[in-house]
Amino acid sequence: MAKVKSIFLCQDCGYESPKWMGKCPGCHAWNTMVEETIRPEKAVRGLSSGGDTKVKHKPQSIAEVKSEQEPRIPTNYQEFNRVLGGGIVPGSLVLVGGDPGIGKSTLLLQTSAQLAHKGERVLYISGEESVKQTKLRADRLEIDAKDLFVLAETDLELIEQAMADVMPSVMIIDSIQTVYRSEVTSAPGSVSQVRECTSHLMRMAKTKGIAVFIVGHVTKEGNIAGPRLLEHMVDAVLYFEGERHHTFRILRAVKNRFGSTNEIGVFEMKEEGLEEVLNPSEIFLEERSKGAAGSTVVASLEGTRPMLVELQALISPTSFGNPRRMATGIDHNRVSLLMAVLEKRVGLLLQNQDAYLNVAGGVRLDEPAIDLAVAISIASSFRDSPTKPTDVMIGEIGLTGEVRRVSRIEQRVHEAAKLGFTRAIIPDKNIGGWTVPKGIEVVGVSTVYEALQAALGG
């Protein structure tokens, strides 16, 4: 008779303990340890063999291992292919996370239809909607493909049987928090269930060569719900993010074993579903006000793609004891640092001023090359002196007020020239060693003071 194992798991961080304790040693949260009973599986499956018994393998020299380049499965979304590293890899396990209602299910359902029209068999498993509800969503998105199979199921054993019947090349689980295994006695969505179900799906993907996408819920902090082990197990982790009041959505890879983690894909949510944005720079700048104080344009780099975005700043005298500092789309602490540099190195009296900064279009920028544009937009609003609408600013700022070099300056300036900008204010150390495109002037600056003189005339 098989023994039943009981463990205590922290519902916040997934820490395991053989005995109960009020305070979790992992995350130090009280009353999060919950007892869960796990029954052993009837058979132990080997990942490499795919059978029901363990198979012993001998170590091999890496020089003797033959490398095989498996063909990827491309989608019609160039943005989706870019984030994945060139397309869907057969046998991969991809986790897709994002806020509720952001469009995760819509993106995967539209991608499934595209693959089905190309002749790929796709199995879409919904644990949160019935088949009729999924059909209603498909009708709204004008999806009708005979090779797209839909199933409403949460039992992993029945899902595996359906997979054996359909034999798909791509399978989607929406969502992993609703799937359960009967061998694990805890409720669906618990740490044990999520871990065991993901582990089983990983074995299915690797042994049968099926690309599996699993949708993961996120916590209120924006992280994937469940144990952190979940992100370590999968091959790629994609976040679908954006402001719900904006139409633009960004697909960002934070882990990818088959490609770069710096790539992003930009989509726009419309009534008929998601549409990819092939030239996001032009979209983000189309509503920019000309001649407005506090408005600057920065050439940010997301992966290999340069993207021009408008930065807006509003500086006004405070009516409170402590001035307010608010930032949307950029790091709040970075804004405070740059304002301190402007006050100390340039002499702008900002300690009694409220500061509000915003990245237009709902985009989030987190690279240091945007520092110069942030500083100039703050100074422009403070002095009520607009910058030239055809100027673009690129550069990192240090605490001593110096403007430091940035990476891939040539691609950034070429993108600005392509969109009609006539002058680029860049770090002095970045000048030379590359060809400046026609129609744009490059101005090198070494300090913030020089940059303000070049952009604002003093």
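A polar contact here is a pair of N or O atoms within 3.5 Å; within protein, one must be able to donate a hydrogen and the other to accept it, and residues adjacent in sequence count only if both atoms are side-chain atoms. This is a predicted model, where local features need pLDDT of at least 70, side-chain atom pairs count only at pLDDT 80 or more, and totals for chains, interfaces and linings use all residues. Residues are numbered from 1 along each chain as its sequence is written, and side-chain values use heavy atoms, with hydrogens and water left out.

**View A. The polar contacts of R288.** The side chain of R288 makes a polar contact with the side chain of S295, at 3.3 Å. As for where it sits, R288 is in the loop between α7 (280–285) and β13 (295–302). Helices (H or I, at least four residues) and strands (E, at least two) are DSSP runs, numbered from the N terminus.

View B. R288 is buried but has no salt bridge; E310, the nearest side chain of opposite charge, is 4.3 Å away. Buried means under 20% relative accessible area, with exposed over 50% and partly exposed in between (1.4 Å probe, protein chains only). A salt bridge needs a side-chain nitrogen of Lys or Arg within 4 Å of a carboxyl oxygen of Asp or Glu. Lys and Arg count as positive and Asp and Glu as negative, while His and the chain ends are not counted. Leaving aside neighbours within four places in sequence, R288 has contacts (heavy atoms within 4.5 Å) that include T296, V297, T387 and F421.

**View C. Strand β4, covered on both faces.** Six of the six residues of β4 (residues 93–98) are buried, so the strand is largely enclosed by the rest of the structure. L93, L95 and G97 are on one side, and V94, V96 and G98 on the other. Strands pair if DSSP finds at least two bridges between them. β4 pairs in the parallel sense with β8 (residues 211–216) over five bridges, and L93 has V212 as its bridge partner there. Five bridges also join β4 to β9 (residues 236–241), again parallel, with L238 as the partner of V96.

View D. Five of the five residues of β7 (residues 170–174) are buried. β7 pairs in the parallel sense with β5 (residues 122–126) over five bridges, and I173 is the bridge partner of I125. β7 and β8 are also parallel, over five bridges, where I172 partners F213. From β7 the chain crosses through helix α5 (residues 191–208) to β8, a right-handed β-α-β crossover. Right-handed means that, with the strands pointing away from the viewer, the path from the first strand over the helix to the second runs clockwise.
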